[in-house]
Structure formats: C-alpha cells, structure tokens
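Please look over the fold shown below before reading on. My notes follow as numbered points.

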Amino acid sequence: ADPEAFAEPLRLLSGPEQEARLRELLTGAVSDGRLAWPAELTAALGTRGLACEVRAVVAKARALGLDPGDLEGLARQSGAVGPAWKAVGEFLGDYLDVLDAEGVTDYTEVVHRAGLLAHDPEIQQQLRARYPVVLVDEFQDTDPAQVRLLQGLVGPTTSFVVVGDPDQSIYAFRGADIGGILGFRETFRALDGGEAPVVILGRTRRFGPVLREAAGRV
C-alpha cells in the first residue's frame, strides 16, 4: 500500500467477512439507486446464495485481469444475461472503491495488484534481484492471475522450478486453470529460448501399483 494513502497497512478480509460485505454493499447499492439490478434477480438480494455467486464472478474477473469496464463490455454481447453482466461490472467498481476507502482487500485483489506491481519495470528489477530462485508446488492449481504474477517475478536468469500434475487439477471451481501447467513450457522459456525441460517422476509413494494402474486407466 502507498504509505501516504493509508494510515494503517491493508487488512486482508477473510472469506466470511468478504461475503458479508458483498451482501451489505449489494443491498445498499440497489436501495439507494446507485446500481440498476435486473428485476428477475431482485428477490435474491441480501441472500447468501447471491452473495456467493457475485463473489465467484468478482474473483474470476480479477483472476482473468478484467476491470469493471471489461465486464460491462461483455454485457453488450451477452444477450439475455447482458443486464446481469452490466450490473456486476458496475458493482465491481463500487466494491473496489469501498475496499480502498476502508483500507481492506480480498485474496484475489492482492494477487491481481501484486501482479501489476511485478510488471512495473523498476519494481520488477528489485524483485528479480531479491528472489533469484522461485519454487512453486501444485502448479496445476494456479489461476491466470498467479501465472501473471510469476511472469513478473521470473526473469531470464531466475532459477524457476515448478511441480505439478495435470491429472490432479481439481480446483477449477475456485478459479484454477489447467492451462497454466499445460502451457507452462511455452509461457516460461528456457534460457536459450527453447522449451523448458521436464522431468517426469515415475514412482508414486502415496499408494501401490494396483491403485496407480486403476487411476491411470481412468
């Protein structure tokens, strides 16, 4: 955080805190006329279910690097669901303004903004000098925002090692994108410009050969 803009360090909202804040802001924005919410969704305002849905859309949008204007742009080509996209885009802008005003943030916003900073030329140089080695486990569960952050951290001379298994990518419901590991060798090239080397670990220590063979067939 900019020390001149914040008297205290940014505070990270927990999941339940974020959900409660979303419900409060949604209801307030509609009641005071700042947000034109689709009529067919009005009955769901204030419910936990709608807050969870909006939270998921907001998180996915930031993971993909989308701004409020991008969501509103999607609305123009989304047919019957266009009004809902437009409303969520407008709400995202309001939500981010409130977070900044209150000096709090959420997890996806932390990663999104860290990624922006990691691509700032001056800060990037400092980060790459500070972290000559970067190790990532469970790479199959990364999302696009995390990959962008790593692209900022990893330079031509960085020792970069990731561990992952595409067959164990199970967190798509919370934003993970298997494309991160499938496209790793193209995204992060070797020092000579070629594809990054891959070492395949052929022995599992979690279970025996019977389960391994069965899982492989599936």
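**Notes on the model**

1. Start with H112. H112 touches R62, G65, D67 and R148, leaving aside residues up to four places away in sequence. Contact here means heavy atoms within 4.5 Å. H112 is found in helix 5. H112 counts as buried because its relative accessibility is 8%. The cut-offs are these: buried is under 20% relative accessible area, exposed is over 50%, and partly exposed is in between, with a 1.4 Å probe and protein chains only.

2. A word on the source. This is a predicted model, where local features need pLDDT of at least 70, side-chain atom pairs count only at pLDDT 80 or more, and totals for chains, interfaces and linings use all residues. Residues are numbered from 1 along each chain as its sequence is written, and side-chain values use heavy atoms, with hydrogens and water left out.

3. Now the overall picture. The protein has 10 helices and four strands. Helices (H or I, at least four residues) and strands (E, at least two) are DSSP runs, numbered from the N terminus. Along the sequence their pattern reads β-α-α-α-α-β-α-α-β-α-β-α-α-α. The C-alpha trace spans about 60 × 50 × 35 Å along its principal axes. Of the 218 residues, 33% count as buried. Take the contacts between residues at least 6 apart in sequence: 69% of these join residues at least 24 apart.

4. Helix 2 covers residues 48–63. How far apart are its end C-alpha atoms? They are 22 Å apart, which agrees with the 22 Å that its 16 residues should span at 1.5 Å a residue. The expected span is 1.5 Å times one less than the number of residues. The buried residues of helix 2 are L50, A51, V54, V58, A61, R62 and A63. Their cover includes helix 1 (15–31), helix 3, helix 4, helix 5 (107–118) and helix 7 (144–153). After helix 2 comes G65, with a positive phi near 80 degrees.

5. Helix 4 passes the same kind of check. Its 21 residues should span 30 Å at 1.5 Å a residue, and its end C-alpha atoms are 30 Å apart, which agrees. Buried residues of helix 4 include A87, V88, F91, L92, Y95 and L99. Among the parts that cover the buried residues of helix 4 are helix 1, helix 2 and strand 2 (104–105). Just after helix 4, G103 takes a positive phi of about 70 degrees.

6. How do helix 3 (residues 68–75) and helix 4 (residues 82–102) pack? Their angle is about 170 degrees, and their axes are 7 Å apart. Axes are lines fitted to C-alpha atoms, for helices over the stretch in contact, and angles run from 0 to 180 degrees between N-to-C directions. The two helices are therefore roughly antiparallel. Angles under 35 degrees count as roughly parallel, over 145 as roughly antiparallel, 65 to 115 as roughly perpendicular and the rest as oblique. On the helix 3 side, P68, L71, E72 and A75 make the contact; their partners in helix 4 include W85, K86 and L96. The contact residues divide into seven nonpolar, three polar and three charged. Here Ala, Val, Leu, Ile, Met, Phe, Trp, Tyr, Cys and Pro are nonpolar, Asp, Glu, Lys and Arg are charged, and the others, Gly among them, are polar.

7. Compare helix 6 (residues 121–130) and helix 7. Their axes come within 8 Å and cross at roughly 80 degrees. That makes helix 6 roughly perpendicular to helix 7. Q124, L127 and R128 of helix 6 meet Q151, G152 and L153 of helix 7. These residues divide into two nonpolar, three polar and one charged.

8. The structure holds six aromatic pairs. One of them joins F160 and F184: the pair is tilted, 5.7 Å centre to centre, with 45 degrees between the planes. F160 lies in strand 4 (residues 159–162) and F184 in helix 9 (residues 184–187), so the pair ties together parts 24 residues apart in sequence. Rings of Phe, Tyr and Trp (its six-membered ring) pair if their centres lie within 6.5 Å; planes under 30 degrees apart are stacked, over 60 edge-to-face and the rest tilted. F160 is buried at 16% relative accessibility, and F184 is buried at 11%. Ring pairs link F139, F160, F184 and F188 into a cluster.

9. Last, check E138. E138 is found in the loop between strand 3 (133–136) and helix 7. Its phi is near 55 degrees, a positive value in a residue other than glycine. E138 is partly exposed, with a relative accessible area of 34%.
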